[in-house]
Amino acid sequence: MFPGKEQTKGMTRSTSSFSRFFPLKNLWMGFGFLLIILFFIVPVFRLILLSLTEEGAVSLSNYSEVLKEEQTWITVKNTLYIVIGSTLVSLILGIAMAWVIAYLNISGKKWMQLFIFLPFIIPSYITTLAWVQFFSGNGPIAAVLHMLPGDWKLPNLYSIGGIIFILGLSHYPLVYLLTVEVFRKIPLELEQAAQTCGAKRGTIIRKVILPLALPGICSGGMLAFLSNLDNFGIPAFLGIPANIRVLSTYIYEEVVGFGPAAFARAAVLSILLGAIALIGLSIQWLLLRRSRVIETVKRDKEPRIHLSLKWKRLIEIAIWAFLLFTSFVPFVSMGTTSLIKAYGLPFQLENLSLENYRYILFSDPKTMSAISNSMKLAILTTIVSLIVGTAIAYLRYKSPNRWTKLVELFVTIPYALPGTVFALSMIFSWMQPLPGWNPGIYGSIWILIIAYITRFIILQVRGSYTALTQVEPSIEEAARTSGAKPLVKWRRILMPLLLPGIIGGALLVFLTSLTELTVSSLLWSTGAETVGVVIFNYEQAGYTTYSTAFSSLIVLGILFGSFLFISLEKVWRRKVLKQNDSA
């Protein structure tokens, strides 16, 4: 992709003839690199610059003013309590579930994994609504408590504990995903050697398995930490009504307040939020430096602990009870609330109606406009990310030099930043891209398009790069040796092999864009509302039945799309295998 020494030996005549166009190639590469800097680096630079500017001069007065306020430190303390607490919940649940799935001889693991990922697939603000309805005065928990003797009170989700609980449940799948693979790669011989030396199962877990699994645990824990820090929906839905601020919601309140120094104050708060993220990454780096990475070459999917039938059944019942309680029942509770005529009425036949669905689909123009906007944004973001992201991944795979690594780093920065910080950087960058010039991007749907593509393109890059690494290089070499032209090589050979992985990345980009809230909450404008913004506004205005009805439709749409994708992927794999067998 970028200038470098020719690494192939024996240049062919066609290669040398191409060298006359080398200056033109360099021009395109330079232009592409400038675009990457403009879209991915300049916004962050403008954010930092604004936090250090006072009346056109470089100054630390913004930091001095914000850091002197007691509310700032209360907010920082709340943020640290909530993020650390929810990360610990995610770690405990994720590690425990990964160990059970990787080590025990229980049945139904594929279905268990589907329910494990359900809280992560569904947008967190919808998950929050589901839990609020689950623990509401008319919910199933209230009905059970009324039947018990004594004066039982419902848990208060509008609290720091409630926010920690839901954040932890929403992000433990991240810890599970990265830890379960590491557990399966730990050499069985090490565990057998420890058993031979007389070590008990608890000692083996504490002194052998967990230290060797530390890289996966740290990576999953850091993803959960950054996701909890970045999350806006859960603290906004539960914290704002209870006057519990975290940095992400405090930044939002500053920006929507439109005070004289709102943007400068928000920029300073964004730097504080970014600093916490950097501290977390530094702790992960220190832990990984001390870890011992010993893995087998292949994943071992065979269970390593064989339970008796009695214990096997008890553990299966316990896991399914936990999964149904955390991944299914709250959404059923949310769905039942969406059918009630007015919020607060008991769930009885005479109180049930489809009026809420009729209203959001046919009476309120904002909901259909939001669905249309979100679909357009998601489709456009997916198409651009699919083309550009796959191209970056291909160049990164074929030319792993310092330039392509730098491009990948630049593309990763917007996704690594907390969402509110990134949204602010987009405002500062596109409100006036050049001094005195306002192209009208800020305040229109175009800033959402730019923000979505910039933030989510890395998901496609990672998905496409993973797909490329799974294709044997000799296949492409054989096609080139046989005289296949580049277009034929891609259409007939590479695309059938790469398509499932590339489409998997595209699906992740699409679903993330379709239900995004954090960035949209600061960048939306009248006529450019998204699905997340409308649900958030419904809930903030007290229209709970409308927000639950709209959320239920979104959940059904996501589940239908996910099952459709899985089915199509299976059909495609069978088709590719059939073609390979016939060849």
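Me: Where is asparagine 243 found?

Reply: In this predicted model, asparagine 243 is found in the loop between helix H12 (233–239) and helix H13 (247–257).

Me: Is asparagine 243 buried or exposed?

Reply: Asparagine 243 counts as exposed, because its relative accessibility is 57% and the cut-off for exposed is over 50%.

Me: How much of the whole protein chain is buried, and how many helices and strands does the chain have?

Reply: Of the 583 residues in the protein chain, 45% are buried. The chain has 26 helices and 2 strands. Among contacts between residues at least 6 apart in sequence, 78% join residues at least 24 apart.

Me: How is the packing of two helices to be read, and at what angle do H4 and H8 pack?

Reply: Two packed helices are described by the angle between their axes and the distance between the axes. Helix H4 (residues 70–103) and helix H8 (residues 160–185) pack at about 40°, and their axes are 5 Å apart. H4 and H8 are therefore oblique to each other, and their crossing is right-handed.

Me: At what angle does H4 cross H11, and which residues meet there?

Reply: The axes of H4 and helix H11 (residues 214–230) cross at roughly 140° and come within 9 Å. That makes H4 oblique to H11, since roughly antiparallel would need an angle over 145 degrees. The crossing of H4 and H11 is right-handed. Residues of H4 including Thr79, Val83 and Ser86 meet residues of H11, among them Ile217, Gly221 and Ala224.

Me: Is alanine 224 buried or exposed, and what does alanine 224 touch?

Reply: Alanine 224, in helix H11, counts as buried, because its relative accessibility is 0%. Leaving aside residues up to four places away in sequence, alanine 224 touches Thr87, Ser90, His171, Leu174 and Val175. The C-alpha atoms of alanine 224 and leucine 88 are 9.2 Å apart, although 136 residues separate the two along the chain.

Me: How do H5 and H15 pack?

Reply: Helix H5 (residues 109–121) and helix H15 (residues 309–327) pack at about 30°, with their axes 9 Å apart. H5 and H15 are therefore roughly parallel to each other, and their crossing is left-handed. The contact includes Trp111, Met112 and Phe115 of H5, and Ile319, Trp320 and Leu323 of H15.

Me: Which residues of helix H17 are buried, and how are they arranged around the axis of H17?

Reply: An α-helix has 3.6 residues a turn, so residues three or four places apart point the same way. In H17 (residues 355–363), the buried residues are Asn356, Tyr357 and Ile360. Seen down the axis of H17, they fall within an arc of 100°, so they line one face of the helix.

Me: What does leucine 424 touch?

Reply: Beyond residues up to four places away in sequence, leucine 424 touches Leu47, Ile251, Val255, Phe263, Ala266, Ala267 and Ser270.

Key:
Residues numbered from 1 in each chain as written. Predicted model: local features only at pLDDT ≥ 70, side-chain atom pairs only at ≥ 80, totals over all residues. Heavy atoms only, no water. Contact = heavy atoms within 4.5 Å. Buried < 20%, exposed > 50% of the residue type's maximum accessible area, 1.4 Å probe, protein only. Helix = DSSP H or I, 4+ residues; strand = E, 2+ residues; numbered from the N terminus. Arc of directions from axis to C-beta. Axes fitted to C-alpha atoms, helices over the stretch in contact; angles between N-to-C directions. Parallel < 35°, antiparallel > 145°, perpendicular 65-115°, else oblique. Left-handed = near helix turned anticlockwise from the far one by under 90°.
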